Each structure stands twice: as structure tokens, then as C-alpha cells.
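I opened the model to look up a few things in turn. My notes follow.

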Amino acid sequence: MDLKPKTPTDMIASTPSLTIALHHPHAEEYARLIGQRFPQVRTIVAPDVRRLEACISEVDAILAFQFPAAQFDMANKLRWFQSTGAGVDSFFPVCDRAAHVTVTNARGIHGELIADYVMAGATMLHWDFRRFLREQAEQKWNFRAVTPLAEMTLGVIGLGSIGATIARRAKSAGMRVVGSKRNVAEVIEGVDQLFGPNELDKLLPVCDFVVLAVPSTSDTVGLIGATELSRMRPSAFLINIARGTVIKEAELIDALQSAKIAGALLDVFEREPLPQESPLWTLPNVIVTPHTSGTPTDYTKRFFDIFAENIERYLAGQPLKNVVDVRRGY
């Protein structure tokens, strides 16, 4: 089936009207913002499934963090899904039946903050700040020397908008930066060497830090497992800001427990919230954060700037911003 993204002209023909279901915890806030700027747009506040099912047959568009795939067959008029996040893997279960739906995301919001997170986390891992904090609690004065980050190599697997921002920031810290990308002919600012997606066996052994920044697609599920971890240096660290499904978590835990790699900074997991029984909570060489690396304090405002521009484009019959090619997943 042809899944080429449709233009707004394809979607709305000659009728400049728009009804949006707001299936989001902040639905009331988005309804207020839309009402102030677009009084001609009808919004339906539907933060829960019950209210969504009551209105989904009459909406042209859905705003949500996760696409409600279970209700898709009820969405007779749906032509546009606007995700409030960067990933749209929740749409994949229906993509073979949804060539008529244009999917857009919040690309452009997350890169700088995630780069902050990665650089701060790389520093904490490299300096072993967890150990410093334990020693402070025990009032122990243990001096040690540390190699500068500028003498180390950071590898970014996935050089989309977020990965490219991380690469640029690492380069500004003086690091050697390598990366993996589908199109190795494309020049990425700050990247010293590019590897193809099938060349992880060459990228992994040269890195002191490996950052996962790939989208969640069928090609990236289980991308990093025991084989890939064995190719990393025993002194290297893994940082995951992509999706938990990119890593085979049980195999990562084994590698961390057996010191096959030095440690990890993990913001995403196979199951979220991370189950309390997971060993990742207590491993001394792991830093766990609650899927927060890409969430600035003013996220609603930042996202609404993108969403409002897309509403304007939709009503004018113009191409939408941040259209996702669902064939590729990003």
C-alpha cells in the first residue's frame, strides 16, 4: 500500500474546517490555547478513552502523545494525527490501513535539552559521581585523577535532529565524534567519521561513550544486545535516550553486572515506569532517570508553537510541518 504522506489539500478538499480531539492529559490547556488563537476550530476535550470513543467518529484530527490505535476503526473522518512527542511508533499498528492520515510530530523541541542531558550524564559517568556521592556520605576523602573528555570519543547511533544536536555539543566539548546514519554521504556538523547502519561492529569498538538516538522502528527493536555490547570497550558507557525497546534489557543487565561495559545512563526502558524489581535501580554503575531527558519546563508552550503553525497550514491547505514518513518511522 502506498503510504506517501498526504497534503492538506488531499485531506480536506475545499472545506476549510477542522475538528480536533485532544486526547492528552493537558487537553484543557490545549483547548484554551486553540480557542484563543483559532476560534473557528472546534476542539473536543477527550483526555480519557471513554470521552475519545464518544467523539472520534466526528473528528478530522487527533492530538495525543500515543495514537489510540484501538479506536482507529471508529475514526471515519480522521485525516491528521499530531503527536505531542518525537516518536510515533504508537501509530505503526494501523499504518497499513491509514494511508489517508498525515502524521506529524514535535520534532525540534527536544534536541538541545537532550544534549544537555547526554553531556551532563557522560561527565557523571566518566567521573563516577555516584562514587563521589557515596564517599561524601561516608566522609571519605579519596583523591583520583581523571582523563579529560576532550581526549575521548563519543559515538551517536542515529543522527536525526536529536542525534545531530548531541554530536554538535560533544564536538564543542572537544571530543572526537563518530556516528551512524542511513545516508553516509550526508555531512553532519561535528561528526568526524560516519558509519552506515550495518557497521556497528566498526563503530562500537572505537567509542568511550555510545549514545542511542534512533527512532523506534522494526529495524531498531533489539538493536543492542549481547553481541553488540561485547564489541564495546570494557571501559565504555552506554547512554540511551531513544526507546527502551532498542536495547535487549536482560542482556544489558548481564553486561553491566559482569563488567563487560563500564556503566550506563538510561532514560528509557522496555517497561515504563521501570518495575521496582529491576536490577537497574540498584546497580552501582547505572544512572536511571524517568523518561525525562526531552521534557523542558515550558513544553506545552514550545509544542503549541509547532501545533499552531500546523493548524494554520491545515486550514490554508498547505503542507504540514514535521510530517513523518511512516514507511521509515521518522
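I began with a facing pair: Leu-22 lies opposite Leu-63 in strand 3. The model is predicted, so I note its limits: local features need pLDDT of at least 70, side-chain atom pairs count only at pLDDT 80 or more, and totals for chains, interfaces and linings use all residues. Residues are numbered from 1 along each chain as its sequence is written, and side-chain values use heavy atoms, leaving out hydrogens and water.

Next I looked up the strands (DSSP runs of E, at least two residues, numbered from the N terminus). Strand 1 (residues 19–23) pairs with strand 3 (residues 61–64) in the parallel sense over 4 bridges; pairing requires at least two bridges found by DSSP. The open sheet has 5 strands in the order 2-1-3-4-5, with parallel pairing. Strand 2 (42–45) and strand 5 (102–104) are at the edges with a single partner strand each, so one side of each has no neighbour in the sheet.

Then I turned to Ser-216. Is Ser-216 buried or exposed? I noted it as buried because its relative accessibility is 12%; buried means under 20% relative accessible area and exposed over 50%, with partly exposed in between (1.4 Å probe, protein chains only). Ser-216 sits in the loop between strand 9 (209–212) and helix 8 (226–231), where a helix is a DSSP run of H or I with at least four residues. Not counting residues up to four places away in sequence, Ser-216 touches Asp-89, Phe-92, Arg-243 and Thr-245, a contact being heavy atoms within 4.5 Å.
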